[in-house]
Amino acid sequence: MEDARHVTILLVEDDPGHAVLIEKNLRRANIANSIITLGDGRKAVDFLFKEGEYGRGSHPTPFLILLDLNLPVLDGYQVLKIIKNDERTKRIPIVVLTTTDNPHEVARCYELGCNVYITKPVEYAQFSDAIRTLGLFFSIVKVPEKE
């Protein structure tokens with residue numbers, strides 16, 4: 001990505017330990033993008049649509065969202081549905097990053113419009129490796145131009 005430093009990653013993760021581990025391992029994969037972490041689905045939706053506590057924000061629209069499914073207030077499925085059903089946000093790539101590996105839930109996320117579904121490994125070393133690999137993927141992925 002030519003302008004990788006000018007795009008933002010929105011990490012929606014309610015487990016602070018996972019959030020730190022994800023960011024740390026993305027950095028190890030040389031991802032220099034801004035990463036904004038929010039801990040619940042409602043905050044993510046408000047942030048994206050500049051509503052609620054983010055109503056006066058001038059923050060950029062994230063080019064990529066890392067979304068956990070098991071979130072407080074609004075769960076990841078609700079967030080995914082809201083984002084993909086709105087003209088302003090439907091083109092934002094969404095990577096579901098969760099512990100849930102149930103085939104029904106995987107299918108549901110793709111039906112709702114997620115672009116990639118990744119199951120978080122339980123073991124620390126595997127989790128770290130998976131995130132670093134994801135970072136390498138981000139370094140070559142092309143995303144839609146801002147309109």
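This section describes the fold of a predicted model, with attention to the packing of its helices. Residues are numbered from 1 along each chain as the sequence is written. Because the model is predicted, local features need pLDDT of at least 70 and side-chain atom pairs count only at pLDDT 80 or more, whereas totals for chains, interfaces and linings use all residues; side-chain values use heavy atoms, with hydrogens and water left out.

The protein contains five helices and five strands, where helices (H or I, at least four residues) and strands (E, at least two) are DSSP runs numbered from the N terminus. Their order from the N terminus is β-α-β-α-β-α-β-α-β-α. Of the 147 residues, 44% are buried (under 20% relative accessible area; exposed is over 50% and partly exposed in between, with a 1.4 Å probe and protein chains only). Among contacts (heavy atoms within 4.5 Å) with a separation of 6 or more, 66% join residues 24 or more positions apart.

Helix α2 spans residues 41–49 and is mostly covered, with seven of its nine residues buried. These buried residues are G41, A44, V45, D46, F47, L48 and F49. They pack against the strands β1 (8–12), β2 (34–38) and β3 (64–67), and against α3. At the start of α2, a side-chain oxygen of D40 comes to within 2.9 Å of the backbone nitrogen of R42. After the helix comes K50, which has a positive phi near 55°.

Two packed helices are described by the angle between their axes and the distance between the axes. Axes are lines fitted to C-alpha atoms, for helices over the stretch in contact, and angles run from 0 to 180 degrees between N-to-C directions. The axes of α2 and α3 (residues 76–84) come within 9 Å and cross at roughly 15°. The two helices are therefore roughly parallel (angles under 35 degrees; over 145 is roughly antiparallel, 65 to 115 roughly perpendicular and the rest oblique). The crossing of α2 past α3 is right-handed, meaning that the near helix is turned clockwise from the far one by less than a right angle, anticlockwise being left-handed. G41, V45, L48 and F49 of α2 meet V79, I82 and I83 of α3 in this contact. Six of the contact residues are nonpolar, one is polar and none is charged; Ala, Val, Leu, Ile, Met, Phe, Trp, Tyr, Cys and Pro count as nonpolar, Asp, Glu, Lys and Arg as charged, and the others, Gly among them, as polar.

Helix α3 also packs with α4, at an angle of about 20° and with the axes 9 Å apart. This pair is therefore roughly parallel. The contact involves Y77, L80, K81 and K84 of α3 and E105, R108, C109 and L112 of α4. Its residues divide into four nonpolar, no polar and four charged.

T100 is located in the loop between β4 (94–98) and α4 (103–112). Apart from neighbours within four places in sequence, T100 contacts N70, E105, Y117 and T119. I31 occupies the loop between α1 (16–28) and β2. The C-alpha atoms of I31 and G135 are 6.3 Å apart in space, although the two residues are 104 residues apart in sequence.

Technical notes: Polar contact = N/O pair within 3.5 Å; in protein donor to acceptor, adjacent residues only side chain to side chain.
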